[in-house]
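Hi,

Here is the structure I said I would pass on.

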Amino acid sequence: MTTDIDYAQLIAAIGDAVIVSDAQGAITLWNAAAERMFGFTQAEALGQSLDLIIPERQRQRHWDGYDKTMRTGLTRYGNDVLRVPALHKDGHALSIAFTVALLRKPDGSVDAIVAVVRDETARFAEDRRLRRQLADLEALKANA
């Protein structure tokens, strides 16, 4: 049995942010989860540079990797999760984790990049708290 899938509905229903950007890094797709995560509406995000959500101190590294991926057609983040800081519309920092997929033209060159993004801010903060607590306990043990 085959079922026709409404891909627009699928993208809209996914709980993780789905962001597509073109070869120059302009946002061409921004789902409802991206709106919730980053605070920008679809109308505000479409056509904008990914710099919209990339902290300034991370931009050079991001664009170096982005340009290399567009040029070579290769990325390791199709399988490996990339964890990086990001920005919300109101300026507060987020910790995000994402994978990417490359969309290709008929000639095989990369046309766009899809990122599936999850907000891990709470998990990152909890990990940091636990590492601090462990370090404090180890320091107490060493001083005992």
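Predicted model: local features only at pLDDT ≥ 70, side-chain atom pairs only at ≥ 80, totals over all residues.

**What turned up**

With a relative accessibility of 48%, Ile5 falls in the partly exposed class, because a residue has to be over 50% to be called exposed.

Next, the largest pocket. It holds about 820 Å³ of space, and the elements that give two or more residues to its lining are strand E1 (17-22), helix H4 (59-72), strand E3 (82-87), strand E4 (93-104) and strand E5 (110-119). H4 is the top contributor to that lining, with seven residues. In total 30 residues line the pocket, and those nearest its centre are His62, Tyr66, Tyr77, Leu82 and Phe98. What is the lining made of, by class? It has 19 nonpolar residues, seven polar and four charged.

Then the salt bridges, of which the count is five. Here are three of them.

- Lys89 and Glu44 meet through their side chains at 2.6 Å, N to O. This pair ties together distant parts of the chain, 45 residues apart: Lys89 is in the loop between E3 and E4, and Glu44 is in helix H3 (residues 42-45). Lys89 is partly exposed at 43% relative accessibility, and Glu44 is partly exposed too, at 31%.
- Arg59 and Asp51 form a salt bridge at 3.8 Å, N to O. Arg59 has a relative accessible area of 24%, so it counts as partly exposed. Asp51 is also partly exposed, at 25%.
- Arg76 and Asp80 are joined by a salt bridge at 3.9 Å, N to O. That distance still qualifies because the cut-off is within 4 Å. Is Arg76 buried or exposed? Arg76 is exposed, with a relative accessible area of 56%, whereas Asp80 is partly exposed at 39%.

From Leu29 to Ser49 is 20 residues in sequence and 12 Å in space, C-alpha to C-alpha.

That's my list; over to you.

Cheers

Notes
Residues numbered from 1 in each chain as written. Heavy atoms only, no water. Buried < 20%, exposed > 50% of the residue type's maximum accessible area, 1.4 Å probe, protein only. 1 Å grid on protein atoms, 1.4 Å probe; cavity = no way out; pocket = protein on both sides within 12 Å on 5 of 7 lines; lining within 4 Å. Points joined across faces, edges and corners; volume = space filled by probe spheres on them. Helix = DSSP H or I, 4+ residues; strand = E, 2+ residues; numbered from the N terminus. Nonpolar A, V, L, I, M, F, W, Y, C, P; charged D, E, K, R; others polar.
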